[in-house]
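Please examine the sequence and the structure before reading each solution.

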Amino acid sequence: KTRGVVEFYIPKFNNKLKYFFEGNQGKTFALNIGVEESKGEVIAFTDDDVVVDKNWLKIIYDIFKTNPNIECAAGKVLPIWSSEIPGWYSDKLKSVIGHVYYGEKQKEVKYCAGANSVFRRSVFEKFGLYDFSNRLEDIFFIRKISKSVKINYFPELIIHHQVQKARLSKRYFKNWFTEIGNSEGQYKSLPNSKCFLNVDLWRYREAAGHFVNYFFAPKQ
């Protein structure tokens with residue numbers, strides 16, 4: 001009943017709320033039609049399982065109004081726990097549940113979560129839309145633009161993300177990391193890339209980096 005629910009709220013938004021149907025299944029297609037049908041200079045993204053801070057849109061407006069050179073803004077994604085946190089869970093694994101926290105000061109960061117990301121339209125005009133061939137479309141879109149576009153973190157830009165009990169199992173975490181690994185391989189591997197023991201050399205570097213970060217990186 002998605003269409004009926006959206007259309008019920010259209011009058012409450014003075015007819016500024018729009019409904020578009022995308023026949024292709026998948027988040028990437030939905031993101032892309034949103035970009036294509038939007039009219040504004042600034043495009044903000046969030047997810048369907050979040051609680052948006054009451055000042056979210058006003059803060060976005062203020063950020064881009066007072067910072068004309070900013071192309072991408074990121075903010076906090078704070079977890080709402082639906083059940084007891086497992087004893088094995090660590091903040092070093094927070095990316096699995098979409099938890100984003102870079103402190104209380106504005107700074108430049110390397111990552112922007114899809115649930116709380118804001119771009120100028122010019123970014124899509126320069127780099128194109130999300131890649132529908134990869135299920136981790138928001139992660140790889142950020143990687144695609146990160147060499148040319150600075151990601152600015154604003155601690156006052158807040159989204160609260162509901163963490164369902166089903167996402168707090170070891171099986172879910174293992175599947176998530178497996179999918180990340182497969183997508184990394186698809187994204188980075190080239191036909192003529194150098195190998196050792198039939199494994200791409202970049203995979204060794206990646207594994208070593210994760211090992212160091214997990215065991216030695218300071219907590220944020």
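**Exercise 1.** How many disulfides does the count come to?

*Solution.* This is a predicted model, in which local features need pLDDT of at least 70, side-chain atom pairs count only at pLDDT 80 or more, and totals for chains, interfaces and linings use all residues. Residues are numbered from 1 along each chain as its sequence is written, and side-chain values use heavy atoms, with hydrogens and water left out.

Step 1. A disulfide is a pair of cysteine sulfur atoms within 2.5 Å.
Step 2. The count comes to 0 disulfides. For cysteine 72, the nearest cysteine sulfur is that of cysteine 112, 4.0 Å away.
Step 3. Cysteine 72 is buried, at a relative accessible area of 0%; cysteine 112 is buried as well, at 2%. Buried means under 20% relative accessible area, exposed over 50%, and partly exposed in between (1.4 Å probe, protein chains only).

**Exercise 2.** Which aromatic pair do phenylalanine 45 and phenylalanine 119 form: stacked, tilted or edge-to-face?

*Solution.* 
Step 1. Rings of Phe, Tyr and Trp (its six-membered ring) pair if their centres lie within 6.5 Å; planes under 30 degrees apart count as stacked, over 60 as edge-to-face and the rest as tilted. The count comes to 15 aromatic pairs.
Step 2. Phenylalanine 45 and phenylalanine 119 are edge-to-face, with 6.0 Å from centre to centre and 70° between the planes.
Step 3. Both of these phenylalanines are buried, and ring pairs link Phe45, Phe119, Phe124, Tyr130 and Phe141 into a cluster.

**Exercise 3.** What is the mean pLDDT of the chain?

*Solution.* 
Step 1. pLDDT is the predictor's confidence in each residue, from 0 to 100.
Step 2. The chain has a mean of 87, and 91% of its residues reach 70 or more.
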